[in-house]
Amino acid sequence: MLLSTLSSMGITGIPLRWFESCLTGRSFRVAWGEEVSKAHHLVTGVPQGSVLGPLLFSIYTISLGPAIQAHGFSYHCYADDTQLYLSFQPDDPTVAVRISGCLADILVWMREHHLQLNLAKTELFFFPPTPTLQHDFTI
């Protein structure tokens, strides 16, 4: 999927083949004490600790933006963290549904791209225009 994304961005020929050689045919082993596991073939991901890893992840997730924007959200990505922003009127009854819909589409996108949302690290912050205004969101 990453190679296809790179190709759609205009990276072709020798540069694309370089990425392909870097990303394919990789394997890993686990060492514990004196024991070492057999090698296991990797079919997804980028080499951990690589200089290009964060950039390649950003390129890989570039198609997430339109899925977020389709719900009227702005967003900001840094490494593997994504922050969504939504400004709305305090009396807007559609907010919870819009947030839920956006999160549902993000989950679909993540499944299609072999990623997993960490619900333990997923948070909703609400900043009311006045401290006395309270919203009871069910997402």
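User: How many disulfides does a search of the whole structure find?

Analyst: A disulfide is a covalent bond between the sulfur atoms of two cysteines. In this predicted model, the search of the whole structure finds zero.

User: Is Cys 102 buried or exposed?

Analyst: Cys 102 has a relative accessibility of 0% and counts as buried. Cys 77, with a relative accessible area of 36%, is partly exposed.

User: Turning to helix H3, which of its residues are buried?

Analyst: An α-helix has 3.6 residues a turn, so residues three or four places apart point the same way. Helix H3 covers residues 53-60, and its buried residues are Gly 53, Leu 56, Ile 59 and Tyr 60. These residues lie on the same side of H3, because the arc they cover around the axis is only 125 degrees.

User: What do the buried residues of H3 pack against?

Analyst: Their partners are three helices: H1 (2-8), H2 (13-23) and H5 (95-112).

User: Next, the pockets. Which residues lie nearest the centre of the largest pocket?

Analyst: A pocket can be read by its volume, its lining and the elements that supply the lining. The largest pocket holds about 1,600 Å³ of space. Its lining has 45 residues, and those nearest the centre are Thr 82, Gln 83, Leu 84, Thr 122 and Glu 123. By class, 31 of the lining residues are nonpolar, 10 polar and four charged.

User: Which element gives the most to the lining of the largest pocket?

Analyst: That is H5, with six residues. H3, helix H4 (64-69), strand E5 (74-78), strand E6 (81-85) and H5 each supply at least two.

User: And how much space lies in the second largest pocket?

Analyst: The second largest pocket has about 400 Å³. It is lined by 19 residues, with Leu 2, Val 43, Thr 44, Gly 45 and Tyr 60 closest to its centre. H1 and H3 are the elements that give two or more residues to this lining, and H3 gives the most, with three.

User: How is the lining of the second largest pocket made up by class?

Analyst: There are 11 nonpolar residues, seven polar and one charged.

How values were computed
Residues numbered from 1 in each chain as written. Predicted model: local features only at pLDDT ≥ 70, side-chain atom pairs only at ≥ 80, totals over all residues. Heavy atoms only, no water. Buried < 20%, exposed > 50% of the residue type's maximum accessible area, 1.4 Å probe, protein only. Helix = DSSP H or I, 4+ residues; strand = E, 2+ residues; numbered from the N terminus. Arc of directions from axis to C-beta. Contact = heavy atoms within 4.5 Å. Disulfide = S-S within 2.5 Å. 1 Å grid on protein atoms, 1.4 Å probe; cavity = no way out; pocket = protein on both sides within 12 Å on 5 of 7 lines; lining within 4 Å. Points joined across faces, edges and corners; volume = space filled by probe spheres on them. Nonpolar A, V, L, I, M, F, W, Y, C, P; charged D, E, K, R; others polar.
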